[in-house]
Amino acid sequence: MSLPRACTMNILAELRSRFEPVLTEWTDAPSSVIEMLKASQDAKFGDYQANFAMPLAAGIPDLKPRELASQIVEKVDLSDFCEPLEVAGPGFINIRLKQDWLNTQTQNLVADERLGVKPAESPQKVIVDFSAPNVAKPMHVGHLRSTVIGDANYRVLKFLGHDVVGDNHIGDWGTQFGMIIFGYKHFLNQECFKQNPVHELARLYRLVNQLSDYHATQTKIPRQQAEIEQLTDKLKTREGSADLTNKKIQKEVKKLKSDLAERKSELQEMQEKQTLLEQNEDLHSKATAFPDIARQAREETARLHAGDADNLELWKQFLPQCLDAIQTVYDRLDIHFDMSLGESYYNPMLADVVADLKERGLAEESQGAICVFIDGFKSPFMIQKQDGAFTYATTDLATIKYRVEELKADRVLYVVDSRQSEHFQLLFATVKEWGYADLELQHVSFGSVLGENKRPLKTRAGDNVGLESLLDESIQRAYAIVVENDEAKPDGPELSETERRQISEVVGLGGIKYADLKHNRDSDYMFDWDKMLANRGDTATYMQYAYARVCGIFRKGQIDRIALRDQQAALSLVDASERALALQINRYSEILESVAIEARPNYLTNYLFELSNLFSTFYNNCPVLKAEQEEVKTSRLLLCDLTARVIEHGLSLLGIKTCERM
RNA sequence: GCGCCCGUAGCUCAGCUGGAUAGAGCAACGGACUUCUAAUCCGUAGGUCAGUGGUUCGAAUCCACUCGGGCGUACCA
């Protein structure tokens, strides 16, 4: 279907562009205050409100904010689409859209396949760097946020008309590969490898990691014990001799106590871990046989990087298999990349990067390593280690160079854990000095996924929760809900087994993604199955259900949606719930703009939840098929159609699917 | 030690970068199904926005300090 492009507008943008020139009479920089024109928080203050009269008046002697607001109101002509403007309170300007205009505007959306969203006027080349798993380790819940948030931002930017490249910067060259190679050479189970190579490689990685960890902990324990003794002594002297009424001392004692408790619990944890391994005869004998396993694994990595034929051969053999395994997860999640240039791709460029930075005097030697020191930062940005190996900092720099020079990037989004924020600050600062000052770099950081204990989500054994098993469980739980709901329908079950399975998948995967996206990405959030798949509340299911209800109306009424749109029938918003719904639909483009600027998909989830809620209210208040007059029925059908389109489209930008019936 | 982030209803979280009486969702209580799907809607109750001070017409939001929590901090990525 191809619809003609109708005359639609971004209302907020339009209002701002009408006000902005008028404001020049009172300020040199109207653009700095124009953002104070925004959607009203409360419908009683109109549809939009402008708050800039107050700050503007503050800079002008003898001018009261209310007076200034009145003067602005006189100068701005919005009579073509707004009711007369009102000045309220200390100087707010309240804006209400004309009913007729809103009718027409909404009607225009019917014929607009982009739902009122105009492509960007100056499209950028944007690289979205997201997901970035390590090939050595199976994907776990920690990869969920980067993947899902990255994908949503990717889709939104693309829809807004930017030239977007989704790049999966896979960890395929790091230390973990040395571990696999070492494991392969010493602990391989041929049979398992034949049957499921990726599984066996993952086991080898875990094994080598575990053994290295064992020895590292072994040396750490005496140190920890010594520290505990030291702290205990210090605490004794403080508590004994000093003046305990002194606030400073009190504070110190408190700190010592909490430190001590922390160290002790750490020690206990270490000891338990060691005992656990020692109880396993197989593991223990392996650990004894390879006391220097960590160094040996590092050497395998070094050999790989140096081009050792055997290791390179192994790497070439493992990599495609690992990538295939990762790909199956992406397929399930419906995530796509335009390119997957892993760390290994940049390997040949790293030496030049270091040489270049040294030549420009940006990098210098320090304690045997090559570092960039940035003003205001204590930690160095290390680009080459003592042993000559490059770091991920080097790779990141090479990647930026490549993205600017080869891909012609204007903007790069790094969808990466907030714990790496210092790394990105250093990276961005270095890049700026390196000469890529025009490049827009943004660390799209996000918090952790927590379990019920408010600690990062782990299995009971303390391992990371595998991503695949997480998806499986979600779909399984969704299935139970789908079945239960279908069985409870007034006229008996409606869905076939196949449909039930399909719906479970859409609901289960949607639930996981939505739960992740609805939170402000900066904050940690608590993973909770029940909330995620709940029938009610702010969940993907709620929106999917609203969508399915609209589909139900069209199915029952045997109405062809395309034909309905082509009728070009009049849309008339009478009931308050119709008006509120239509206004929300008209705001779609505003929301997407804000998502794109701040890379915050939660603005969109929030919008869609409100939209679905407004629809449900409308649905309860306004009969559609049973409307008394034919024009009312048609008008409401148009509104239903638009609602469903926005929900479906909005969810699709979040990577979430919908079903015709549930 | 230094740096970054956080503290909002019983619980989980929003709060659009300084605006009007701080909002949702759960949970609680009360209403609405001979009805286009009740996986719904409507209503009630629930707050010292951790604390103190400051900036101004106006602060959950900005600044300083205090208390409490998380994370990072030279050869892992």
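Student: Leaving aside neighbours within four places in sequence, which residues is phenylalanine 618 in contact with?
Tutor: The list is Ser577, Glu578, Leu581, Val624, Arg636, Leu639 and Cys640. Contact here means heavy atoms within 4.5 Å. This is a predicted model, where local features need pLDDT of at least 70, side-chain atom pairs count only at pLDDT 80 or more, and totals for chains, interfaces and linings use all residues. Residues are numbered from 1 along each chain as its sequence is written, chains are lettered from A and ligands numbered from 1 in the order in which they are written, and side-chain values use heavy atoms, with hydrogens and water left out.

Student: Okay, and is Phe618 buried or exposed?
Tutor: Buried, because its relative accessible area is 0%. The cut-offs are under 20% for buried, over 50% for exposed and partly exposed in between, using a 1.4 Å probe and protein chains only.

Student: Which helix is Phe618 in?
Tutor: Helix α24. Helices (H or I, at least four residues) and strands (E, at least two) are DSSP runs, numbered from the N terminus.

Student: What part of the RNA atoms within 4 Å of the protein belongs to sugar or phosphate?
Tutor: 60%, and the rest belong to bases.

Student: So which side chain has an N or O atom 2.3 Å from a base nitrogen?
Tutor: That's asparagine 485. Methionine 662 has a backbone N or O atom 3.1 Å from a base oxygen. Elements giving two or more residues to the surface near the RNA include α9 (247-279), α20 (540-556) and α24 (602-621).

Student: What does glutamine 544 touch, not counting residues up to four places away in sequence?
Tutor: Gln544, which is in helix α20, touches Val506, Val507, Gly510, Leu651, Ile656, Lys657 and Met662. Gln544 is buried too, at 1% relative accessible area.

Student: New topic, strands! In what sense do β5 and β6 pair?
Tutor: Parallel, over five bridges. Pairing needs at least two bridges found by DSSP. Valine 126 stands opposite valine 164 in β6. Going from β5 to β6, the chain passes through helix α5 (residues 142-159) in a right-handed β-α-β crossover. Right-handed means that, with the strands pointing away from the viewer, the path from the first strand over the helix to the second runs clockwise.

Student: Why is β6 largely enclosed by the rest of the structure?
Tutor: Because four of its five residues, in the stretch 163-167, are buried.

Student: Last one: where is aspartate 334 found?
Tutor: In the loop between α12 (309-333) and α13 (343-346). Asp334 has a positive phi, near 60 degrees, and isn't a glycine. Most residues other than glycine have a negative phi. Glutamine 568 has a positive phi as well, about 55 degrees. Asp334 counts as partly exposed at 22% relative accessibility, while Gln568 counts as exposed at 64%.

How values were computed. Near = heavy atom within 4 Å. Polar contact = N/O pair within 3.5 Å; in protein donor to acceptor, adjacent residues only side chain to side chain.
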